[in-house]
Amino acid sequence: MLQLNDVHTWYGSVHALRGVSLTVGEGEIVSLLGGNACGKSTTMKTILGWVKPRSGEVIFGGQRITGKRPPQIVDAGIAPVLERRRMFPQLTVRENLMMGAWRRRDTAGIAKDIDKMAEIFPVTASRAGQAAGTLSGGEQQMVAMARALMARPKLLIMDEPSMGLSPKFVRTIFDLIIELNRREGLSILVVEQNANMALSIASRGYVLQTGEVVIADTADALLNNPQMQKAYLGIA
Amino acid sequence: MFEQLINGLTQGSIYALLALGFTIIFGVLRMVTFAHGEVFMVGAYSGFVVFTHLQDSLVLAIVAAVVTTFLLGALMEIVAFRRLRDAPHFSSLLVTIGFSVVLTQLALLIFGAEVEAIPMRQIEGLAFSEIRIGEVYVSYLQLSVLGVAILIMAATFLFFKYSRLGTAIRATAQDHEAAMAMGVDVNRIFTVTFAFGSMMGGIAGVLIGFYYNLFYPTMGVMLGLKAFSAAVIGGLASMPGAIVAGLMIGVVEVFSVDFVNSSFRHLIAFVFMFAILLIRPQGLFGSGQLRGARGD
């Protein structure tokens, strides 16, 4: 479904991605792991069309989307849940959801999806008229996911969904991700520092280091990989 | 007394419209424009030209100002500010000053330095027919100015609160990256916003041009300065603040003429604004922090 082939992205004179290749299959959950400044965010921004790669290609659903602009990427069916949730703090929860559907014109379908979100994420209904900035971090994460789903994506990219949330809440979020994946056949790319958590739901994972994929394997193999255990899983 | 109040509110509604333009542009683009007074002047002249050469209709004059200044705003944003989005703030500030000089010079070239006025026979219908409200008589023109200003302000509020595009503009103001993630074309939003804010200035220009029936290339200088001050007093990023501050300054100015020589009216207006800022440095509706600033 999503395929990156030897992608090189530069920020001015900084070579941020040094030939990244990865794939996310249809209905698959894949995690992209790595520490700070390893290129995780740049990979995401390259997929979303926020930065243009200097070489290499991004293919989505059989189409080359390299260098397309962000609105077209959303149209193609990729929606991100940004790091730290990034609510529109002074818009109501409902207005936030409506913004998620910005590229859609099917009023009836949007209304139906709002109801659907109310089912999956009850907070989007119970706090519909409240300014999103006044919600708790966990509630905001729910709204952020609902908002991204309002675009009816085929691929959801989640950037650090566990950041700043309690372990219990992280579990809730990840359970929801699994359920969405099963129910809707949604492909999900989870970009995470929390490797344990991310690998517990993913089928495969990639480890990025200074802009390069250093390990690519199944989730089980990664969890048992001694190099991984030492560097990312906190097992000596 | 009541008459003076109406005069003050009319004058103030113009300041409010102009200040609202500043506020909208600043609230979304995080940029102060010093060409706003000159956009105002362009709006006034567009109305003047259409009224004197095409058809003497105030509505048509306003439409002309709307179209001209909207396009002018869009043009300025696309030509200059889009390229300077990541540049330091003073760069775009300098560019706006450059625009103000260019626009003033253009007006000087086209219309000359002398003050123009609409011939009496064309405007007397508007300026001298009055209606009675209680004890006082108010001219149609004054009523139109006040009415149009209020209408535009109300429409602006409804637009931002309820329309799809208005919501997207607010969203972009609060977090433009998150807006981009939703597939919002952020560049287009910035252009539309700048055009929209400029248009508010243009409408203010045509209204005041007709109200005083005076048109000259530097007519926007003092007004632009006052409206900018009103926007600051209102809290810079607060729309209600801009309106309240604009109306207050208009009323204070008009009433001050009762007590001091009228040539001091600008001074009084600025002293008044200075006093407010001494008491509330963050502005009337400012929260100390920019309204619409990023939430995290």
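Me: How far apart are the end C-alpha atoms of residues 189-212 of chain B?
Reply: This is a predicted model, in which local features need pLDDT of at least 70, side-chain atom pairs count only at pLDDT 80 or more, and totals for chains, interfaces and linings use all residues. Residues are numbered from 1 along each chain as its sequence is written, chains are lettered from A in the order in which they are written, and side-chain values use heavy atoms, without hydrogens and water. The span is 100% helix and 0% strand (DSSP runs; helices are H or I of at least four residues, strands E of at least two). Its end C-alpha atoms are separated by 35 Å.

Me: What area is buried between chain B and chain A?
Reply: Buried area is the accessible area (1.4 Å probe) that two parts lose on being put together, summed over both. Carbon and sulfur atoms give 58% of it here, and the total is about 2200 Å².

Me: Which residue of chain B meets A:Arg86 in a salt bridge?
Reply: Across the interface of chain B and chain A there are 4 salt bridges (a side-chain nitrogen of Lys or Arg within 4 Å of a carboxyl oxygen of Asp or Glu). In one of them, A:Arg86 is paired at 3.1 Å, N to O, with B:Glu177.

Me: Which element gives the most to the side of chain B that touches chain A?
Reply: Helix H7 (164-174) and helix H8 (176-181) of chain B each give two or more residues to that side. The greatest share, 7 residues, comes from H7(B).
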